[in-house]
Every structure is written in structure tokens, then in C-alpha cells.
Amino acid sequence: MNQEIMNEIMEKIRQYDRILIFRHFRPDGDAIGSTKGLQAILRATYPEKEILLQNNDSSDYLAFLGPEDAIIAEEKYADALAIVLDTGTADRVSNQKFTLCKEVVKIDHHIDKNPFGDCSWVEDQRSSTCEMIVKFYDTFKDELKLTKEAATYLYTGMVTDSGRFRFNSVSGDTMRYAGILLDQKLDTDVLFANLYLEDFDYLKFKAYIYKKMKLTENGVAYLFVDKAMQEKFGLSSESASATVSSMDSIRGSICWLAFIESQDEEDKIRVRLRSRFMPINHLAEAHHGGGHAFASGATVFSRKEMRQLIKEADACVKEYKENHEGWL
């Protein structure tokens, strides 16, 4: 089935002279890596085609990968093919003008709760959309061209979305596809320095949040990053959200939550949910969100709803621990 869908996508790419590539808003490494990676492959393969990234926001954290293209005139969408990457639902697409395109292709690895697009290729067991793009390249490698630039983008997305190849979504395929990219002689020293070196001030912030994080009776770690904390340490939305990873190594805690108070919207609190062993996407879906089984996002609209989510997560952890073995 997936081979048929890939064949259909490849045929559409061949047919169109203008291809516009989109992703979700507040982009992460996979969103930016997959879009820039696919663009670089298609530009190297079809220099005569116009292939543009069309998104309305950016990422300071991933700025080292370079800028995206300027937004083109609206009338140029009508005869273009849209390829939307790493976006589970249409309302999360950064540039909503994607609907103006003649046809829409969706390529994604999120659980397909709200399908969209004229052609949709979804593999929710994959570690990243970047992994899918490498699979696509490998399937049509007699025609498609993989450059070192494209490989760098795609490897960035694979590394970040797989937790440096630690998450349980990593498979033998993941490592084999990563090997295809590494064969392009990537400068991984520079890449990992850009991804994981931290400013001294941010290290001091991490020391601060270690004092602020809390643990429920059954082992849910959680942290509330309020406006005052964000202002005190000069946190961007991205760096505030990244605090969820500070709680991922607590023995006995198999679920952790970061609550990020919105700077712009009163009573809106974004939530980052992470877990090991126990799926948590159903919790996110119950609170205006969704995502992967072990990594999801949600939104709550009051401190009361925040406390309710913590309570629900604690109950889930309690039930899981009582009925399963092998967790740490």
C-alpha cells in the first residue's frame, strides 16, 4: 500500500513545475529538516522546477540551518503542488494558503486522527518524517539526487525527533536510513555542537528549574514555567518548551509534563507531555492536543485544568505501574 502511495507522490512531483512545501507552526527539527531536506533533493534532481518553502514562522534554535524562502504572491499557488510535511492536522499548517494549491500531498508520521490532502502517506510507527523522506529517496534513488546539504537537514530531523536514536520508535530501518545520510560525509561535530551546546546562562536556568520541578505520589514529574520565570531568564517559546527534557531521567518517573504559560494569551498554558513505557497521547487528546504515543502536546486554559491534567496523568501512571513490570 505504501509503495503505491509513494509511486503516486513521485508521479505528482514529476508532473508539476511549481512545488510548494509546508510544515507545522512552531517548527522542530523534524519539521524543518524534512522540508529543507526534501527541497534540497528536489532542487538537485529537477533544477528546472520552482521548489519553495512557504511558511509563516521560524525557529531560533535551528537558525543555523539557514533561512526559508519568502512568501510568494497568492496567485502562484493555484497551479502548484503542495507537499505538507510532519503535520498531523490541517489546522496546524504554518501557512494556511496551502489550501489554495491545485493538489495537496501529506507526508507525516503522526497518528492520523484528522486526514487531509488529495494524497496522504502516513507511517505513524516511523521515528520521524525525515526518516520517511530518506525512505522516499532510497525508493527512487535511480532518479532522485541526495546532496550533502539535503543529508545534513534530514539527519538533523532524525537525530532530534528520535532523541538521538534513543526513543522506542527507532528501528533497524531508522539506523539504515541514517547510514545512507552519513555516507554523504556529514560534519557531525558542527551539527551536534549547534544542536546541543548550551549557553552558560541557560545552564544556570536549568539549575533553577531543578529546584522548581515537582513529583506526584505515583511519579509524574512536572514543571510550571510561568511568565515571570520566562522574563527573568529571557526564555523564548522554544527554550521554555525544551524544559520538558530536563525531567526525562528521573528513576521511577515514567511521565513528565512541562506547562508553559503563554506570554500573549491570558489563561492559555501550552503543555509538553513525554513518557516512557506508557503511552500518553490520549491525555493530550483530552486536553485540546495530540501527537505521538510517547510525545505529545496539549493546551489547558486555567490553573485548575492544569491540576486536573496532572491528576489524570498520576492516575494513569498508578494504573500502569500496578499492571506492568519492567518499568524504571
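Colleague: Leaving aside its neighbours within four places in sequence, which residues is T174 in contact with?
Modeller: In this predicted model, T174 has its place in helix α5, residues 172–182, and its side chain reaches the backbone nitrogen of S171 at 3.0 Å. Once neighbours within four places in sequence are left aside, the residues in contact with T174 are S127, E131, M158, F165 and S169.

Colleague: Is T174 buried or exposed?
Modeller: The cut-off for a buried residue is a relative accessible area under 20%. Because its relative accessibility is 0%, T174 counts as buried.

Colleague: Which residue forms a salt bridge with R126?
Modeller: R126 counts as buried at 9% relative accessibility, and lies in the loop between β5 and α3, so its pairing with a residue of helix α5 ties together parts that are 47 residues apart in sequence. With the closest N and O atoms 3.3 Å apart, the residue that forms the salt bridge with R126 is D173.

Colleague: How are α3 and α4 oriented to each other, and which word describes it?
Modeller: Helix α3 (residues 129–139) and helix α4 (residues 148–161) pack with their axes 7 Å apart and at an angle of about 140°. In this contact, C130, E131, I133 and V134 of α3 meet Y153, L154, G157 and M158 of α4. Angles over 145 degrees would count as roughly antiparallel, and the word for α3 and α4 is therefore oblique.

Note on methods: Residues numbered from 1 in each chain as written. Predicted model: local features only at pLDDT ≥ 70, side-chain atom pairs only at ≥ 80, totals over all residues. Heavy atoms only, no water. Helix = DSSP H or I, 4+ residues; strand = E, 2+ residues; numbered from the N terminus. Buried < 20%, exposed > 50% of the residue type's maximum accessible area, 1.4 Å probe, protein only. Polar contact = N/O pair within 3.5 Å; in protein donor to acceptor, adjacent residues only side chain to side chain. Contact = heavy atoms within 4.5 Å. Axes fitted to C-alpha atoms, helices over the stretch in contact; angles between N-to-C directions. Parallel < 35°, antiparallel > 145°, perpendicular 65-115°, else oblique. Salt bridge = Lys/Arg side-chain N within 4 Å of Asp/Glu carboxyl O.
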